[in-house]
Amino acid sequence: TPDELTNKLMDASGAKVVIGKVEGVEEDGGKVSGVVVDGKVIDADCFVVAMGPWSCMAEDWFEGLSIPMQGVRSTSIVFKTDKPVDPYAL
């Protein structure tokens, strides 16, 4: 499952999940050295912006950076069911 793959990759790399609101990045010599999450800096030697259509929000974190991305409004279909649904269902 996607959950199993993600956990195996994290275990192999030593990465960890931090749940919170990213407020910006710390830079040192023009390179990201940390990520500000809920007011606390988490040191980082690597940083990936993977926020889908919300990635353009990261423009505020980097001076002079323009992220050419726009969100598109679309329609979703939601089915109500009394049966449990696998959390990995697409």
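This report walks through a pocket, a core and a handful of residues in a predicted model.

## Ground rules

Numbering starts from 1 along each chain as its sequence is written, and side-chain values use heavy atoms, with hydrogens and water left out. Since the model is predicted, local features need pLDDT of at least 70 and side-chain atom pairs count only at pLDDT 80 or more, while totals for chains, interfaces and linings use all residues.

## The largest pocket

Let's start with the open space. The largest pocket holds about 640 Å³. A pocket here is an open set of points on a 1 Å grid over the protein atoms alone, where a 1.4 Å probe fits and protein lies on both sides within 12 Å along at least five of seven lines; lining residues have an atom within 4 Å of a point. The volume is the space filled by probe spheres set on the points, with grid points joined across faces, edges and corners.

The lining of this pocket has 21 residues, and the closest to the centre are Lys16, Val18, Val35, Phe47 and Val48. Elements that give two or more residues to the lining are α1 (2-13), β2 (31-37) and β3 (40-43); α1 gives the most, with three. Helices (H or I, at least four residues) and strands (E, at least two) are DSSP runs, numbered from the N terminus. By type, the lining splits into 17 nonpolar residues, two polar and two charged.

The largest nonpolar core is made of five residues: Val25, Ala58, Trp61, Phe62 and Ile67. Such a core is a set of buried Ala, Val, Leu, Ile, Met, Phe, Trp, Tyr and Cys residues joined through side-chain atoms within 4.5 Å. Leaving out residues up to four places away in sequence, isoleucine 67 touches Ser55, Cys56, Ala58 and Glu59; contact means heavy atoms within 4.5 Å.

Serine 55 sits in the segment after β3 and is buried, at 8% relative accessible area. Buried means under 20%, exposed over 50%, and partly exposed in between (1.4 Å probe, protein chains only). Beyond its neighbours within four places in sequence, serine 55 is in contact with Val49, Ala50, Ile67 and Met69.

## Cysteines

You'll find zero disulfides in the structure, going by a cut-off of 2.5 Å between a pair of cysteine sulfur atoms. Cysteine 46 is exposed, with 59% relative accessible area, whereas cysteine 56 is partly exposed at 28%.

## Other residues to look at

Aspartate 38, in the loop between β2 and β3, has a positive phi of about 50° although it isn't a glycine. Most residues other than glycine have a negative phi. Aspartate 38 is partly exposed, at 47% relative accessibility.

Alanine 44 lies in the segment after β3. Its C-alpha is 5.2 Å from that of serine 33, eleven residues away in sequence.

Key
Nonpolar A, V, L, I, M, F, W, Y, C, P; charged D, E, K, R; others polar.
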